[in-house]
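Subject: Structure handover

Hello,

Here is the structure for you to look at. Please open it first, then read my notes below.

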Amino acid sequence: LFWRQTRRDLEQTLDQFLTDDDEWRRGLGLTPIEVEWTFGMGEAPALTIDLDDGRTLAFRGSIDRIDETAAGTLEISDYKTGSAKKPLA
């Protein structure tokens with residue numbers, strides 16, 4: 001019984017999230033071009049930034065979604081849903 005109610009609540013939350021997300025993208029004229037994009041892992045090159053002093057910063061990670069605007073700029077989305085991990089002491 002508890003799982004049925006929890007599942008209904010979860011489905012309603014997810015449905016509302018997707019509806020809100022669609023409206024947000026439509027309002028900004030966004031078109032999804034990539035999902036689960038990784039960089040600096042496996043065969044994917046790192047994202048690098050060259051600093052004025054000659055050093056280079058290299059990053060690795062993943063991005064949940066990349067959208068393109070009508071003007072050709074990019075909008076990056078990285079969703080955070082929480083974690084069950086314990087905080088470090």
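Is Ala 71 buried or exposed? Ala 71 is exposed, because its relative accessible area is 74%. Here buried means under 20% relative accessible area, exposed means over 50%, and partly exposed lies in between (1.4 Å probe, protein chains only).

Some ground rules. This is a predicted model, where local features need pLDDT of at least 70, side-chain atom pairs count only at pLDDT 80 or more, and totals for chains, interfaces and linings use all residues. Residues are numbered from 1 along each chain as its sequence is written, and side-chain values use heavy atoms, with hydrogens and water left out.

Now the hairpin. Ala 71 sits in the loop between β4 and β5. Strands are DSSP runs of E, at least two residues, numbered from the N terminus. Strand β4 (residues 61–68) and strand β5 (residues 74–77) run antiparallel, joined by four bridges. Ile 66 has Ile 76 as its bridge partner in β5. Five residues separate the two strands of the hairpin, and Gly 72 in the turn has a positive phi of about 95 degrees.

Next, Asp 67. Asp 67 belongs to strand β4. Asp 67 is buried, because its relative accessible area is 0%. Its side chain makes a polar contact of 2.8 Å with that of Arg 65. A polar contact is a pair of N or O atoms within 3.5 Å; within protein, one must be able to donate a hydrogen and the other to accept it, and residues adjacent in sequence count only if both atoms are side-chain atoms.

Last, Glu 36. Glu 36 lies in strand β1 (residues 31–39). Glu 36 has a positive phi of about 50 degrees, although it is not a glycine.

Best wishes

Note on methods. Two strands pair if DSSP finds at least two bridges between them.
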